[in-house]
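Thanks for coming. Please have the sequence and the structure open while I talk. I will take the disulfide topic, then the sheet.

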Amino acid sequence: MPTTRRRAVALAALCGVLAAGCQGGQREDGGTTSTGPASPEGPVTSQTRSPAPEQTYRPVRFDDGPVFNEPLSDDVTATQLQRLVDEERVPVAPTHGGAFETMTNSLRALDKAPDVMIFGDSMTQQGIDPEVLGEQLAERTGSPVSVFNAASSRARWGVNRMVARYARSVDRLPRVAVLSISTRAAEDDGFYTSTVQRTPFSHVVEGCDRPSSPVWDAAERADCEADRTDLRHRFALGGGQVRRALEGRPLQTTLQIAPGSRLRADGMIEHPSMTRAEVEQRSRTRLAERGFPGFPTILQSSIDEYTELVDLLEAEGVTVISTEIPYSPAHQAGLERIGRDYDAKRQKAAARLAREGGTQHFPVASYGDWWGDGSSRDEIHLAPQGAADFTEQLVDDTPGLADAIEAGLR
């Protein structure tokens, strides 16, 4: 049976992946707070880490995919699980959310390592289109260029470092890595320390030799060791994925999140768009209800995680560059009205993070004049057409960025 810790994490992820029925408001980074619709990955708070009543458990099904957070059937043996793992018919291990798990499945399912990989948070996951970037680079180089978007919801640099470790473990590291820095990307990485590092996926990919912290004690270490050595323990809440594999169905590499919203096999998430007027109203409402979010800041822990990610990639021969992804012009203007020189501080924070981490940096002040009706999903994230336009802006109108990628591909 799942441990109390495993059940708590599962319930938190469950709330995040429900298309409806859980409540949580969107945060600056694409995560959630306490009111409004939940993001794909969902929140974990001190409340959700407490044991939950048994009757609150509800498995979640996305389209024709597996049921996430379903207890493993008692009749599944360790021998069966080992065969499924060896044949790569189940995920490496259950993770903190269905979207993240599906993205990592997709990465492993590639025929070979992508030429370019994008790292970042939900703004990047929804804002840089790998298909468009590959097409743009192919036109410049005269050869096909494969691109994978490995960004994920609420990901700071601890989560991105874990993704890079996973890519290394399955021989899918790219030739070029693009680290996309959003407005709050250098701030607290509490989602990683409180939630992500406690999942079986992190335990398998990152090992059990972790620094001491309030959420990494002897019990957590023992749970980590069990995930690495006991497959029934590892897949305690991976019953849906295991059952799917035993039925002979393929590993899930795309995800229908909600009507009109999907995770593609190249890692990008698409959501329906809004008009410019709707985005402007969303921004006004957000700022009125929440007030000024504070200026972008940089924590030393974030610098350390960012630097560790860069060092890991460069040690494997990957060319690493960084860029930025801003908010919509409507939301940036609202923040500028409340906090003087807000956007200059955003760009300064991004430049400092890149400098401290040693990456060649290509700043982006704002979206181009392409931004308008249909460009954004909300005040923070882009919709598919906006992502395509922004990706073209990165290649055509961001001096030196495409040249740096091309140099890394040679």
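How many disulfides are there? In this predicted model, counting cysteine sulfur atoms within 2.5 Å of each other, the count comes to one disulfide. The partners are Cys-208 and Cys-224, and their sulfur atoms are 2.0 Å apart. The angle about the S-S bond is -90°, and the link is left-handed.

Where do the two cysteines lie? Cys-208 is in the loop between helix H8, residues 200-206, and helix H9, residues 218-229, while Cys-224 is in helix H9 itself, so the pair ties together parts 16 residues apart in sequence.

Are they buried or exposed? Buried means under 20% relative accessible area. Cys-208 has 6% relative accessibility, so it counts as buried. Cys-224 has a relative accessible area of 0%, so that residue is buried as well.

Now the sheet. Five strands form an open sheet, and reading across, the order is E4-E3-E5-E9-E10, with parallel pairing. Which strands stand at the edges? They are E4, residues 147-149, and E10, residues 360-362; each has a single partner strand, so one side of each is left without a neighbour in the sheet. From one strand to the next, the twist averages 25°.

Look next at strand E5, residues 176-181, and strand E9, residues 319-324. They run parallel and are joined by six bridges. Within this part, Ala-177 stands opposite Val-320 in E9. Helix H15, residues 342-357, packs on the sheet and touches E5, E9 and E10. The direction of helix H15 makes about 170° with that of E9.

That is my part done.

Methods
Residues numbered from 1 in each chain as written. Predicted model: local features only at pLDDT ≥ 70, side-chain atom pairs only at ≥ 80, totals over all residues. Heavy atoms only, no water. Pairing = 2+ DSSP bridges. Helix = DSSP H or I, 4+ residues; strand = E, 2+ residues; numbered from the N terminus. Axes fitted to C-alpha atoms, helices over the stretch in contact; angles between N-to-C directions. Contact = heavy atoms within 4.5 Å. Buried < 20%, exposed > 50% of the residue type's maximum accessible area, 1.4 Å probe, protein only.
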